[in-house]
Amino acid sequence: MSNPWIAIGALALVAILIPVGMMFASWLLRPSVPEQGKRTVYESGEVPTGSTRIQFNIQYYMVALLFVIFDIETVLIFPWTVIYRDAVASAGLGAALLPMLVFIGVLVVGLVWAWRNGAVRWVRSSRSESVLSRQP
């Protein structure tokens, strides 16, 4: 192959055709058994009591978002630490250290902003307050 784009295009084509082919094969081979239980909110066979809508606390999503941000931070800092000694030797201390300090500074500013806006403060629900008050 003289052109590397041919290999990339072939790989992209295979990456699309395999999942689409699997979905088509499963659509052809699966049994079709329509019944009322499959159309209910819960497929466990249990009849739900009360409302089936559950309101989740937005705090779960905020904590998950902060986790993703700091997880990405770890992924970006690790390669930098691997090449730090070589970067200092070739470019100097300032050129090697300054970009990472700016990156960590931006993350710290974001964390302080999230902290001040209450994103990391866990809000207790009235249900949890009643459970805590019953404990001896």
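## Confidence of the model

Among the elements of the protein chain, mean pLDDT is lowest in helix 4 (residues 126-134), at 60, and highest in helix 1 (residues 4-29), at 94. Here pLDDT is the predictor's confidence in each residue, from 0 to 100. The protein chain has a mean pLDDT of 80, and 78% of its residues reach 70 or more. Where pLDDT is low, the predicted coordinates should not be read in detail.

This is a predicted model, in which local features need pLDDT of at least 70 and side-chain atom pairs count only at pLDDT 80 or more, while totals for chains, interfaces and linings use all residues. Residues are numbered from 1 along each chain as its sequence is written, and side-chain values use heavy atoms, with hydrogens and water left out.

## Overall fold

The protein chain contains four helices and zero strands, in the order α-α-α-α along the sequence. Helices (H or I, at least four residues) and strands (E, at least two) are DSSP runs, numbered from the N terminus.

Of the 136 residues in the protein chain, 7% are buried; buried means under 20% relative accessible area, exposed over 50%, and partly exposed in between (1.4 Å probe, protein chains only). Contacts are heavy atoms within 4.5 Å. Among contacts with a separation of 6 or more, 56% join residues 24 or more positions apart. The protein chain exposes about 12,200 Å², with carbon and sulfur atoms supplying 69% of it; the area comes from the Shrake-Rupley method with a 1.4 Å probe.

Helix 2 (residues 58-91) has a kink of about 55° centred on Ile83. The bend at a residue is the angle between axes fitted to the seven residues ending there and the seven starting there. Just after helix 2, Gly92 has a positive phi of about 100°.

The buried residues of helix 2 are Gln59, Leu66, Glu73 and Ile77, and their cover includes helix 3 (93-116). Gln59 has a relative accessible area of 5%. Gln59 and Ala119 are 60 residues apart in sequence, with their C-alpha atoms 7.1 Å apart in space.

## Aromatic pairs

Rings of Phe, Tyr and Trp (its six-membered ring) pair if their centres lie within 6.5 Å; planes under 30 degrees apart count as stacked, over 60 as edge-to-face and the rest as tilted. By this rule there are two aromatic pairs. One of them is the tilted pair of Trp80 and Tyr84, at 5.0 Å centre to centre and 55° between the planes.

Trp80 and Tyr84 both lie in helix 2, four residues apart, about one turn of the helix. An α-helix has 3.6 residues a turn, so residues three or four places apart point the same way. Tyr84 is partly exposed, with a relative accessible area of 25%.
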